[in-house]
Amino acid sequence: MAETPATPTRAFRLGVAGPVGTGKTSLIGLLCRELADEIEMGVVTNDIYTDEDAQILRAAGVLEIDRIRAVETGACPHTAIRDDVTPNLIAVEDLERDHGPLDLVLVESGGDNLTATFSPALVDAQIFVLDVAGGGDVARKGGPGIARADLLVVNKTDLAPYVEVDVERMLSDASDARDGGPVIGLSRHDQSSVDALTDWVRRMTLAVREGRHTPVDPGPMAPHSHADEDGQVTVHSHGPADAHDPLDVTHGHTHPHEHRPHPLAHERPAV
Ligand SMILES: Nc1nc2c(ncn2[C@@H]2O[C@H](COP(=O)(O)OP(=O)(O)OP(=O)(O)O)[C@@H](O)[C@H]2O)c(=O)[nH]1
Ligand SMILES: [Mg+2]
């Protein structure tokens, strides 16, 4: 894939966000296992205080160890993927310098709540991951990631019978919440669902490579709270990525007002 004349100067950056424990690292591990023989890949993980996710992926042996890099985000995992993306951009660029040319760099956000969205300044497209264990209603409840990520994955469908979730219903609710945007039900135990995911990633990688994909901002996160390292709980919101003044170091943390969705938020990607 790296030999095509239309090869862009940098890799396709694909973000993976979603609530804690829904299976973001597992999904990235699956993609590495399935695709690393055909495309050149790298991974950047974000954890609040550790590099645990990077270590899990390295231990799984799905990718050369040095192609998996960790960013420690500090108290608010959203900031690192939305407001100050510099540490992540540096990690991606270091990967490309050390192992390039790469076709695809996967960036995992720190797991948090339903509100996480990547800035288009960091990624070209994003996957939002839910799981059936979070409840069949979650997809219907919406949020910027559920509604407007480039792909919504409903993971761990194998667990549905144990948590009494009707997967078909959850998928159709998710599709409604996304105005028909792509939704994939996934289980690592169901190869056809893994194939659907890898097909989507292949098509998106090609679309980015051929200049057919325009990055879309799903919109800002809802106001939310975090306990800081000193135990203080701060409520804050993150603004539209394109409106962020990089010189304003207080942005998003001292004025907990809401922002309107980005004007491009309803455009659909090419695939
Ligand atoms: N049954 C089942 N379990 C899964 C599947 N995918 C992931 N898991 C399990 O879900 C748990 C959480 O998976 P992770 O991949 O660590 O989730 P995560 O979203 O990266 O978690 P954080 O980074 O901590 O937010 C692990 O125990 C996985 O083994 C699946 O398809 N089926
Ligand atoms: Mg993880």
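How many of the 12 residues of helix 1 are buried? Nine of them are, so helix 1 is largely enclosed by the rest of the structure; buried means that 20 or more other C-beta atoms, placed from the backbone, lie within 10 Å of the residue's own. This is a predicted model, in which local features need pLDDT of at least 70, side-chain atom pairs count only at pLDDT 80 or more, and totals for chains, interfaces and linings use all residues. Residues are numbered from 1 along each chain as its sequence is written, while chains are lettered from A and ligands numbered from 1 in the order in which they are written.

**Helix 1**
- Helices (H or I, at least four residues) and strands (E, at least two) are DSSP runs, numbered from the N terminus.
- Among the buried residues of helix 1 are K24, L27, I28 and L31.

**Around ligand 1**
- Helix 1 (residues 24-35) gives the largest share of the shell around ligand 1, with three residues.
- Of the 15 residues around ligand 1, the nearest are G23, K24, T25, S26 and G111; a residue counts as near if its C-beta atom, placed from the backbone, lies within 6 Å.

- Seven strands make an open, parallel sheet in the order 3-2-4-1-5-6-7, where strands pair if DSSP finds at least two bridges between them.
- Strand 3 (68-72) and strand 7 (183-185) are at the edges with a single partner strand each, so one side of each has no neighbour in the sheet.
- Strand 6 (residues 151-155) runs parallel to strand 7 and is joined to it by three bridges.
- V154 has G185 in strand 7 as its bridge partner.
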